[in-house]
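Opening the notebook on this one. I'll jot down each thing as I look it up.

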Amino acid sequence: MDRQEHEIRLKQIFGIDHFYDEQWEAIQRILSGERILMIQRTGFGKSLCYQYPATQFSGITVIFSPLIALMRDQVKALNSKGISARYINSEQSPEENSNTIQEALAGKVKILYIAPERQENQEWIEATRKMNLSMVVIDEAHTISVWGHDFRPTFRRIINLVKLLPQSLPVLATTATATKRVQQDIERQIGGKLTTIRGNLVRSNFQLYVIKVHSEDEKLVWLAQNLNNLDGTGLIYTGTRVDTEVYAKWLSFNGINAINYNAGHDADTRKDIENGLMQNRFKCVVSTNALGMGIDKPDIRFIIHTQIPASPIHYYQEIGRAGRDGKPTTIVLFYNEAKDENGIDEDYKLPKAFIDGARPSIERYSKAIEALKNEPLSERGLMKATNLKQTQVRVIKADLIDQGIVREVINGKTKLLEYQFGAKELDVQAFEELRKSKLKDLDAMVGYVNTTKPRMQYLCEFLDDEALVCYLNCDNTNLPKQTVALNEQWQNKLIEFRGACFPVLEVETRRSNIVNGVAASYYGVSNVGNALHRCKYENGDDFPDFLLKLTLSAFRKTFGNAGFDLVLYVPPTHSGDLVRNFATKFASVIKVTISHKLIKVRQTSEQKVFQNAYLKQDNVKDAFSYLDPNELIGKRIILIDDIFDSGATIKEIGKLLTTMGAEIIAPVTIAKTVGGDL
Amino acid sequence: MINQELTYWVALVHTPKIWTSRKNEMIAHCFRRGKTIADFFESDSFLGMEMNPQEYDLLLQTKSELPNYAFMVEKLLNQGYDIVPITSNEYSPTLKANLKYNSPIVLYTKGNKQILQEKSIAIVGSRNANETSLLFTDNVAKKASSEFKVVVSGFAKGVDKQALDSALNYKGQSIIVLPQGITTFASGMKKYYKQIIEGDVLVLSTFHPKSPWSVELAMARNSIIYGLASEIYVAQSDDKGGTWSGVCDGLKKGRMIYVRKPSDKEKCANNILIGMGANPVDVEGFPIHKTVDYEVSEGLWAVVAEAPASYGNVEGETGTSQSAQLSLPL
């Protein structure tokens with residue numbers, strides 16, 4: 001069949017008249033069983049390059065994609081065209097995934113999207129033994145390269161699979177962001193006969209701005225002043241999860257319809273926010289850039305970064321989600337160039353810290369290796385055996401698997417890490433090389449902030465895109481520079497905001513009557529942490545009154561006049577009456593009875609000794625009791641503590657009080673930590 | 001190492017209804033033409049190999065299932081199992097020399113594959129072996145370990161288990177030949193975890209990785225145990241069952257087999273095997289002077305000849321140096 005005949009079918013199935021030449025080149029090769037790497041900008045129409053061939057093959061086309069939201073949207077669109085498409089990912093229930101697998105086995109599915117992590121699912125593995133497979137697609141293929149901007153260890157398995165697939169099975173790898181180095185790395189990894197098709201990456205509808213500021217407050221103020229003047233709906237990316245909360249609250253405080261979206265939300269909430277974004281229910285969604293949203297929304301009108309991403313390639317990828325309809329789109333990057341005492345730019349520090357802290361110390365790797373030489377362990381077992389944080393164990397695990405030192409073996413329902421016979425020594429050199437490469441990328445990102453070139457040109461050159469076009473549309477060419485006007489009125493507004501924005505303690509579970517509580521402040525971002533630290537670890541004085549005041553405001557704002565019966569407090573690990581005295585004062589102000597009957601039945605260690613949640617849970621499990629349980633039946637209880645960290649203690653007490661008949665348990669603390677403050 | 005050919009190898013192995021010997025002929029066909037197994041499947045005519053229509057259809061079916069085998073191989077490799085095809089120089093030369101065209105097409109292994117290249121002995125015998133047999137097993141394993149010979153055993157109760165534990169106890173090396181698929185041995189993998197990662201144990205299976213234990217596989221496995229060893233020591237055999245048929249088969253093929261000379265009071269078939277030509281050894285495993293009643297053994301040969309062979313019937317496989325060389329390309 002020639003192009004014309006295929007275009008007739010294209011019209012019938014997709015309602016599209018023609019392929020672009022570059023699309024047709026790829027499709028032609030795919031139809032004859034070739035392997036293709038396609039590097040094309042977002043909005044080019046990469047998905048048609050596999051969706052069309054998929055409709056022409058007899059069997060199923062499997063698409064490995066890390067973007068769950070994108071899967072959902074594409075599946076919906078395909079099904080509306082009468083093409084049978086499904087997805088398998090963590091968002092669906094096991095039953096839904098199971099149904100999908102059965103349909104695929106029965107030959108009822110043409111296009112199947114699957115998250116790479118599912119490769120470990122037993123039912124999927126079973127199904128792959130019988131499925132009639134016609135084509136494999138690797139979406140976001142840059143994630144298979146450590147030199148890319150979002151390396152995912154689970155994608156390594158997909159590459160191994162592709163290496164093992166028979167020669168004549170068509171394979172398409174796609175990405176919108178790959179430097180020459182990443183391209184070569186992908187080519188090397190996929191191996192075999194692979195043809196690379198590279199298009200130009202210029203996004204001419206982007207209006208690029210960089211706003212240099214000298215404090216965090218200036219970022220907040222610019223947003224409050226300008227956001228509602230921007231067209232349409234957009235995204236704000238912050239550097240940390242806490243900031244998503246702070247920025248969203250600040251914008252709401254200023255009457256801007258904003259919501260925060262982060263990995264801490266459950267799947268339902270995330271779906272709801274994503275739907276809200278699709279329907280333009282919000283002015284903006286504030287999210288961490290670590291979260292690949294992959295929303296299939298063509299008209300995201302602005303993307304604003306409050307922190308610089310790790311490299312120009314990250315940046316290109318993240319802003320790439322905007323303006324896919326080709327209409328004018330505003331892209332803003334903030335950079336706080338205030339210098340600290342060592343002369344380092346404030347906004348350089350966070351991404352630099354991420355790079356430096358990306359890997360645990362070598363001693364911790366050794367600790368993990370020794371533990372695994374002794375016995376095979378689950379991830380959880382390894383955390384317990386080494387007392388390392390989950391994030392650290394995961395990094396170590398991924399590296400050890402990557403270097404072939406350990407393997408993750410499925411043993412019934414548990415996954416065990418096994419040390420491998422003949423494993424090489426840990427290659428530390430590779431880590432150092434990667435670190436240097438990442439620092440270089442970060443410096444190139446700062447280069448983007450300071451460049452006087454057209455900004456799109458700077459990005460394209462970083463991506464080794466050699467297109468010869470005229471670059472315009474940025475504050476280095478034809479657009480005005482943006483500045484911030486921070487006057488007294490706005491400063492007062494910020495003070496007012498800070499006195500009314502309290503961190504939420506997320507502890508609700510189905511099995512317990514505990515509700516989400518509130519803290520007076522974040523531990524690290526105010527003078528509260530210092531005051532607590534002085535009392536607890538230095539002079540032993542009672543907590544100062546301003547903490548009581550702040551905590552009372554937090555409590556009143558959250559729970560209002562909810563009518564409580566009893567104030568309890570978490571008994572201390574060591575002697576000391578700080579929390580007891582604090583709770584007593586608190587109770588007397590709000591005129592609720594204080595009880596001292598919540599006690600420890602065994603010695604525990606201070607929670608901060610433990611680096612991960614499992615050990616923290618073990619430390620406090622069954623550690624508490626209440627002297628007069630009958631008096632708790634049907635009671636509404638306030639539970640006071642000084643610092644909220646993992647929440648393990650509060651949750652444990654919540655469970656205990658629930659079994660004793662408490663109707664509601666509302667935790668209130670002075671401070672909430674932000675991952676690793678203590 | 002990820003090698004695309006592994007997919008084709010595994011696909012060939014698990015193609016049903018074609019004998020191993022016939023599959024080895026296909027491999028030899030590729031080899032003689034300087035082609036790979038991938039070329040064989042990717043060529044329209046299977047490289048012009050002569051075959052009957054049924055074989056052709058079966059191979060065509062396998063070809064359509066190649067993507068499925070790719071998934072299977074990826075999973076095995078990801079879990080740290082090795083797949084050693086018969087043409088690999090990691091494949092056991094002893095096994096190839098002993099079984100020739102009946103050699104398994106691939107070995108699924110976990111652990112130190114170098115063990116496959118070492119000199120080896122097998123110690124075989126009943127699941128319900130007596131004290132003397134177990135002592136004999138311990139002695140032979142000790143001797144083998146001191147001579148740096150690998151002890152091959154089948155992970156059954158009795159003699160097998162004793163052989164393994166003794167070899168490890170004397171700091172020797174051991175091959176566990178599984179009567180099941182390699183992924184269904186979780187408890188054993190856990191038990192011998194340290195020995196596996198330290199390189200003293202190689203776990204090996206020639207069956208579909210997911211096959212559960214079965215009597216049929218246990219019987220079929222015996223030929224692999226005998227094939228992996230240069231010398232075979234029999235601790236205790238009944239006059240039927242796996243040990244018996246394995247030894248009879250080995251004798252027929254001219255293998256070097258040592259059988260423990262039992263005491264007069266013992267109820268076992270060891271003496272009959274000695275009568276059939278096996279070499280008698282004492283409880284320490286040392287040879288003892290042999291007096292053979294040839295008439296008895298001649299008579300028994302007839303019985304053995306009638307017994308169903310546990311594997312293949314390829315002509316011209318009498319262990320001559322010529323056929324041994326023929327199998328080398330494999």
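In which sense do strand β1 and β2 of chain B pair, and over how many bridges? I find the antiparallel sense, over 4 bridges, with β1(B) covering residues 82-85. Pairing here needs at least two DSSP bridges between the strands. Strands (E, at least two residues) and helices (H or I, at least four) are DSSP runs, numbered from the N terminus.

Ground rules before I go on: this is a predicted model, where local features need pLDDT of at least 70, side-chain atom pairs count only at pLDDT 80 or more, and totals for chains, interfaces and linings use all residues. Residues are numbered from 1 along each chain as its sequence is written, while chains are lettered from A and ligands numbered from 1 in the order in which they are written.

Entry, β2(B). I looked up the individual partners next. B:Thr109 in β2(B) stands opposite B:Asp82. β2(B) also pairs with strand β6 (residues 201-205) of chain B, in the antiparallel sense over 4 bridges. There, B:Tyr108 has B:Ser205 in β6(B) as its bridge partner. I checked cover too: β2(B), residues 106-111, has 6 of its 6 residues buried. Buried takes 20 or more other C-beta atoms within 10 Å of a residue's own, exposed 12 or fewer, and partly exposed is in between, with C-beta atoms placed from the backbone.

Entry, chain B overall. I get 15 helices and 9 strands. Of its 330 residues, 48% count as buried. I then took contacts (C-beta atoms, placed from the backbone, within 7 Å). Among those in chain B between residues at least 6 apart in sequence, 71% join residues at least 24 apart.

Entry, domains of chain B. The assignment gives me domain 1 (5-83) and domain 2 (113-307 + 322-326); such bounds come from an automatic or database domain assignment. Their centres, taken over C-alpha atoms, are 31 Å apart. I see 4 residues of domain 1 in contact with 4 residues of domain 2. On the domain 1 side, those residues divide into 2 nonpolar, 1 polar and 1 charged.

Entry, A:Met660. I located A:Met660 in the loop between α24 (648-659) and β23 (664-672) of chain A. Why does A:Met660 count as partly exposed? Because 17 other C-beta atoms lie within 10 Å of A:Met660. Leaving out residues up to four places away in sequence, A:Met660 touches A:Tyr626, A:Pro629 and A:Leu632. I also checked A:Gln392: from A:Met660 it is 268 residues away in sequence and 37 Å away in space, C-alpha to C-alpha.

Conventions. Contact = placed C-beta atoms within 7 Å. Nonpolar A, V, L, I, M, F, W, Y, C, P; charged D, E, K, R; others polar.
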